[in-house]
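Here is a short note to read with the model open beside you. Take the points in order and find each residue as you go.

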Amino acid sequence: MIPFNKPYLTGKETQYIEEAVKSGKISGNGMFTQKCQAFFEQKYGFKKALLTTSCTDALEMCAILANIQPGDEVIIPSFTFVSTALAFVRQGAKIVFADSSPNHPNIDVSKLEALITPKTKAIVPVHYAGVACDMDEIMRLSEKYNLIIIEDAAQAIDSYYKGKALGSIGHMGAFSFHETKNIIAGEGGMLTINDAKFIPRAEIIWEKGTNRAAFFRGEIDKYTWVDTGSSFLPSEVIAAFLWAQIEKLEDIQKKRLQMWNCYYENLKDWAKNNEIELPEIPDFASNNSHMFYLVCPSEVHRSRLIRYLKDNNILAIFHYQSLHSSPYYSNKYDGSLLPNADSFSEKLVRLPMFYELDVEKVISAILLFHDKVADSL
Ligand SMILES: *Cc1c(COP(=O)(O)O)cnc(C)c1O
């Protein structure tokens, strides 16, 4: 069976974990954490990077930092993972769901301004599949209406908008190192801060509401409880694992791009002949090859394709149920219909994508799909 995802190990993970354990400093914010953070700050131009235990946690930190209060409105796409909404729901925000573009799962920026009210506090663009949202337009709205922009860059490591790293453009950003992402730590994430005024408070929230980070730098002579917060920082064991991945980042990205291009080149004629759409990368965006997906002409068609692949020992999956129609939120939702989000919900399918994948095998199976099942469609 070809799985949908297989976590890739670079080979150095256990060695670095052993080093972390033997160093005697296993809790958070040690040598490996600082190495990882410094790497990301330098390579991608974040003003501050803080490792977290997940992207979900990084988003929760963003919601606290943005000072989201009950009744505040936060605009997020409906076609996204639960965590994007959850962080703000926990602060009591009203979620205003935005539709996707007709031709891309990313938020439709042309319809964004109409969703802004005097209660709007923040917009959370999600860079779906690691492909940038139109950040110039989003930052224009941010300035015009004084809104905080939080990039959900969970899938967007090593990806760019007009040459600027994703996660470095909004006031803050959140990344994931979950085992399904490009570089991994099992469970793990990162908060990035680009507006320096949020940095001191971010460090405090990260360390259980204490000023311990400043204490360890010798800036104050005792540490104490100064604010709200939680235990958002991962242990050195996680950071050591992540460092092994960072060392191979370039190699991983090169390999993923080769596979992505292989999918694209080999499937484009087949897709055209069968009314299937392949991913679009706008001119302003780079491709970090996080994901390769297809958009089928109908839900029935998608189910057929997934079943056909399964019969051929290939696991393809779909996601997300639009959040505005989820069991948790649908009875609270009073906004308009979001046809594009619903359409991607029904028609999008993700193909296997991981470092050790035999992509040719998946391609040859897919190319025979219509021959084999056209009659039953
Ligand atoms: C993976 C993902 C998350 C959650 O990341 P975790 O590290 O598992 O918390 C959030 N948003 C998006 C868009 C994701 O793809």
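**Notes on the ligand site and the chain**

1. Start with the shell around the ligand: by class, five of its residues are nonpolar, nine polar and two charged. Here Ala, Val, Leu, Ile, Met, Phe, Trp, Tyr, Cys and Pro count as nonpolar, Asp, Glu, Lys and Arg as charged, and the others, Gly among them, as polar. Please keep in mind that this is a predicted model, where local features need pLDDT of at least 70 and side-chain atom pairs pLDDT 80 or more, while totals for chains, interfaces and linings use all residues. Residues are numbered from 1 along each chain as its sequence is written, and side-chain values use heavy atoms, without hydrogens and water.

2. Which residues come nearest to the ligand? Of the 16 around it, they are C55, T56, Q155, S176 and K181 (a residue is near if one of its heavy atoms lies within 4 Å).

3. Now look at some polar contacts (pairs of N or O atoms within 3.5 Å). T56 places a polar side-chain atom 2.5 Å from a ligand oxygen, and a polar backbone atom of C55 is 2.9 Å from an oxygen atom of the ligand. At a nitrogen atom of the ligand, a polar side-chain atom of D152 lies 2.9 Å away.

4. Finally, zoom out. The C-alpha atoms fill a box of roughly 75 × 55 × 35 Å along the principal axes.

How values were computed: Polar contact = N/O pair within 3.5 Å; in protein donor to acceptor, adjacent residues only side chain to side chain.
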